[in-house]
Amino acid sequence: MRDVLVIGGNRYFGKRVLGRLIAAGDRVTVLNRGSASPPAGAIHLVADRDDEAALNSALGDRAFDAVVDQVCYTPRQAAIARRAFAGGRTRRYVMTSTIEVYEYEDSLVYEDTVVPVREDAVDPRTIPVRLELPWHKPEFRETHYGEGKRQAEAVFASTDADDNDATDESGDTAAGGTGFPFPYTAVRVAHVLGGDDDFTGRLDHYAQRIRSGAPIAVPTENRPATYIHVEEIADFLFWAVGENFTGPVNAASHGLLTTEELCAAVARHIPNGRTVFQNVDVGKVSPFSFSRSYGMDNSRATGLGFTFGHVQEWLPRAVAETLGAEVGKREGGDG
């Protein structure tokens, strides 16, 4: 039986990870601010992770085989966590990161073929950490989401921290490697789709506009992106808990998806709808439409042993899960 701590993770794919850990027979502890109760079978610790003293008090002398951190958004939070779990208090730290760490990188090369971005395009060991920025302000965190994750990764990857962990000076992050003094991996998650509990409202944005024929704002140069199904990312995080690789890893289904393809999948649920795209050069665009490319290479993860599905295979199911019941009700009511 593994002893696993999950920080946050009470909704969407986080709750699915909890379910998988409990079903596997792991001893699961959930730490949050007390706003949501953990599922049956989990131990509950209440603390604000931003309060280092409160976090340490809640943890007491507990140690864990693995920690899954679902809600690390800033380098300050990462620094507190790294200190809290230093000295061998966990053998593995799995941080949920994001595709948006590549925000400032050229993630695709447009020639004759599309080349997704690899993990080494953003090496966390080279990212400067700026703890003095106003990370405590929610509006700042929201507008600097990708950068907050980048710098959080940098804190976990740093070789400068005095945390008494065994250090491999090679810095090798190859398969099975332990090339970082703190035993972490940062799972860079693609855009997530699927589930009847998708709280983002992004697919509903398209459904509403297709139903009414309202314009869907997209960039003039609208680029494709990488996606992953909500169940697949839950599978990936559960799998990652039991592995021993370190450093960044991309988690994305095979294949890219354009806004047009996404809208076509939504439109199949709205027979009387109309899809109208409006190209804009400046201003707000619809979710899942990008003027720059968001494609990730998943070869590191596949080389480590994880098997991804293809976005085109699960897309219809994802749309049906999120919109099917709601759309079906409206369409049936119209009849």
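Reader: Where is R89 found?
Author: R89 is in the loop between helix 3 (75–84) and strand 5 (93–98). Helices (H or I, at least four residues) and strands (E, at least two) are DSSP runs, numbered from the N terminus.

Reader: And what kind of model is this?
Author: It's a predicted model, where local features need pLDDT of at least 70, side-chain atom pairs count only at pLDDT 80 or more, and totals for chains, interfaces and linings use all residues. Residues are numbered from 1 along each chain as its sequence is written, and side-chain values use heavy atoms, with hydrogens and water left out.

Reader: Back to R89: what's the nearest side chain of opposite charge?
Author: That's D61, 6.5 Å away. R89 is buried but has no salt bridge. Buried means under 20% relative accessible area, exposed over 50%, partly exposed in between (1.4 Å probe, protein chains only). A salt bridge puts a side-chain nitrogen of Lys or Arg within 4 Å of a carboxyl oxygen of Asp or Glu. For charge, Lys and Arg count as positive, Asp and Glu as negative, while His and the chain ends are not counted.

Reader: Which backbone oxygen lies 3.0 Å from a polar atom of its side chain?
Author: The one of G60. Leaving aside neighbours within four places in sequence, R89 is also in contact (heavy atoms within 4.5 Å) with several residues, including L59, R62 and F64.

Reader: New topic! What's the strand order in the open sheet of seven strands?
Author: The order is 3-2-1-4-5-6-10, with parallel pairing. Two strands pair if DSSP finds at least two bridges between them.

Reader: Which strands stand at the edges?
Author: Strand 3 (43–46) and strand 10 (247–251); each has a single partner strand, so one side of each has no neighbour in the sheet. Strand 3 pairs with strand 2 (residues 27–32) over four bridges, and N32 stands opposite V46.

Reader: Which helix lies across strand 3?
Author: Helix 2 (residues 52–59), which also lies across strand 1 (3–7) and strand 2 and runs at about 155 degrees to strand 3. Axes are lines fitted to C-alpha atoms, for helices over the stretch in contact, and angles run from 0 to 180 degrees between N-to-C directions.

Reader: Last one: what's the phi of Y12?
Author: Near 50 degrees, a positive value in a residue other than glycine. Y12 is in helix 1 (residues 12–23).

Reader: Why does Y12 count as buried?
Author: Because its relative accessibility is 5%. F288 has a positive phi too, near 60 degrees, and counts as buried at 4% relative accessibility.

Conventions: Polar contact = N/O pair within 3.5 Å; in protein donor to acceptor, adjacent residues only side chain to side chain.
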